[in-house]
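Work through the following exercises with the model open beside you, and try each task before reading its solution.

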Amino acid sequence: MSYASFETKEQASARALLVPLCLFMGALLGFPTLINLWYSFSDVSFQNMIGSFVGIDNYVAAVTNPKMWQALRFSLQFAVICTTIEVGAALILVFILHPLLVKRPWMTAILMLPMMVSPALMGVMYRLILNEFTGAVPVYLEMMGYAVNFLGRGSIYKTVVAIEVLQWTPFAFLILLTARQTVSYELEEAAAVDGATGFRSTFHILLPMMKPALVIVIFVRFIDSFRVFDHIYVLTGGGPGNLTTSISIYIYKLFFVQNTLGEAVAVSILLLLMSLTLIVVAMRLVVRRS
Amino acid sequence: MLKTRFLTAGAAILATALSASTALADITILAWPGEPAESAFRKVLDLYNSTEGAKNNSKASVIYFSQQGFKEKMLADVAAGSKEFDVMLTATYDVGLYAPFMTPIDDLVTEDVYKVVSKNSIETQKYEGKTYGIPTDLSLHFLYYRKDLIEQLNTDPAWKAKYEEISEKILGKKLSPKPADQWDWDDFIASALFFTKSINPDSPTRYGTVLQMKNLLYNIMLWQGTVASNGGNWRDKDGNITVDSPAFKRGLEIYKIITDNEATPGDSSTYEYGEANSVFGAGQVAFMLQWNAAVPEFNDATKYPTVAGKLGLSHEPAGSEGPKTHFHSLGLGINKNTAKLDEAKAFLSWLATAEPMKLYAKEGGSPPLAEGLMAEIAGDRPEMLLMGEHAAKYGFVMDGATSAKAMGIYTNMAENFTGYWTGEIEQDEAIANVVADMKKAFAQ
């Protein structure tokens, strides 16, 4: 048997093995994508459920609506700010707490607690905790002579960012801690013998070795923060005005409240295209670097 | 002997089968969650299951979605043809949206029903001439106020003088205190300013009032009494949109003046029903506009000791057309997809009788009872008389507010008007956005 025919057989069986996965993905993603594509070109509503073809009307309505751009801007800004703070804080915490957690690994579980609360519940919790009259935080701050209104117009943006950061920094911390723990002790010791300690060890040995995990955590947190919905919807409903309306809240309202399903799906498709472009560019960069 | 036994057994089996075929199946009801109505409705179901339901061998059970996103979940379910519930929630403001997914129940609305629930509340469950629900709860708004504080304002010369001074300084006109049931919107604003500590350091409350300004459609319902009392409406008789009118501008300004002068808590833009209750109940404000459902809570000294026994209720302040209140009813109707139409109808027919409605009212629900029944339960629920009176005298439903697009319009108003109140956008822009949205919605 020649090497070429062996390779062809190998390829054929590999392709055959891929068939179930492709069928599964096709059913799970392909069908909804196709039906959504149809919806985005139709006047579908809850009343007619299929709708009739309206061309690119929904796309025109979507891109000419300033509220979509405002929501998109909010989501991008929110994602950049939250990701930066979460990953930055997680990195600092990893370097500070790593020696402690090596000796007492059970403490990691405590740090993970905020992540285990559902985001909607987190919104409800902070609605109570930060209430000017009944909330524990404003009451104690007032007793100390500081009157802070966390849910007022001037500070609501910072508050929703802070809640996101408090909830999801543990996730970034967990990934980076795992990456930090994979750096072998021998390597660190060798570096120390060569005179690389503290700052130099961190920036020239640890961080480069943690880089793949760092890229992944930035990627995941950005996507997650970009599609933020729950706690903001519970806390502010996207307001006041549209000040805290994320793109997910915007799509939700178009779909369920305005009953303009076609336009809502058109916005989703546009977002999908934008995301795909970003992912392709990011993946190419990662592959090229690696 | 054996033959006789077989025959007897056969007859027994046949009788059981026959009785089973005439008995009704169990039904499931999707109802609006939240106290006190939820507990009251469970009591009504217990009554049904132990009386009429037991007689028909049909048990009724209730399911609830959470309040957040309730309507969206229900809409998705009925549009998908769900048969998980047979009886479902209806509401005046979205009866047009849900009508395609419901079975009209005009055949159930007999003259006897009008002796139990008021005729005008049945009207609020109609869309395009057909009735879709038996109304179970009437919702409208009262002016809730602290009797002790408003009385002192009207009798204490020092308070009076301060009130006049503040109104002249901030509103540009010298106003004198009045009893709450004589207030117009200027009195409402002036009183809010007077009872605000940052304006009047001697105020016994931190803020004058609490406005519910979360970006939420129900908050627009609460606000739009300011518009209707000045003659405003969504549309005129010819169907023209009339939001860009002096009445709407005045209504918007009332909230804006109070917000800008910080006579409402600074985080009011995240407030809805619950937050407003806790602020008023804690004695931090002197009065507020609120849904009628809160009355039993404030009369409960274990829950709100600061307010219990001092609660005053009045109609909303008057505009050029006198006082007005938005009102709507929640009710129960039939899911079009149900396979248990007879059972659902049997339940609704029973629900529209005196005994369950009286029980519901006594347990904390707010059914829109007909006059005779209302008088019977007035001893337990005195505010129910007031509700009936207010609905009849001051109640309004905006033109177009029962259409399939009403919820979307309310939501758009909430986005734009809360934006104006908190300084995100200008009034003209907010109104223009709402008008554009309404034109689009009504054109569809």
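The structure shown is a predicted model.

**Exercise 1.** Determine how the radius of gyration of chain B relates to what the globule rule gives.

*Solution.* Begin with the secondary structure of chain B, which comes to 21 helices and 14 strands. The radius of gyration of this chain is 25 Å, close to the 22 Å that the globule rule gives for 444 residues, so chain B is as compact as a globular protein of that length. Then turn to the contacts in chain B between residues at least 6 apart in sequence, of which 74% join residues at least 24 apart.

**Exercise 2.** Find which parts of chain B are tied together by the pair Asp186(B) and Lys173(B).

*Solution.* First, the side chains of Asp186(B) and Lys173(B) form a salt bridge, with 2.7 Å from N to O. Finally, consider the accessibility, where Asp186(B) is buried at 15%, whereas Lys173(B) is partly exposed at 38%.

**Exercise 3.** Decide whether Lys214(B) is buried or exposed, and do likewise for Glu272(B).

*Solution.* Start from the salt bridge between Lys214(B) and Glu272(B), in which the closest N and O atoms are 3.0 Å apart. This pair links distant parts of the chain, 58 residues apart. Buried means under 20% relative accessible area; Lys214(B), with 1%, is therefore buried, and Glu272(B), with 18%, counts as buried too.

Terms used
Residues numbered from 1 in each chain as written. Chains lettered and ligands numbered in written order. Predicted model: local features only at pLDDT ≥ 70, side-chain atom pairs only at ≥ 80, totals over all residues. Heavy atoms only, no water. Helix = DSSP H or I, 4+ residues; strand = E, 2+ residues; numbered from the N terminus. Rg over C-alpha atoms; globule rule 2.2 N^0.38 Å. Contact = heavy atoms within 4.5 Å. Salt bridge = Lys/Arg side-chain N within 4 Å of Asp/Glu carboxyl O. Buried < 20%, exposed > 50% of the residue type's maximum accessible area, 1.4 Å probe, protein only.
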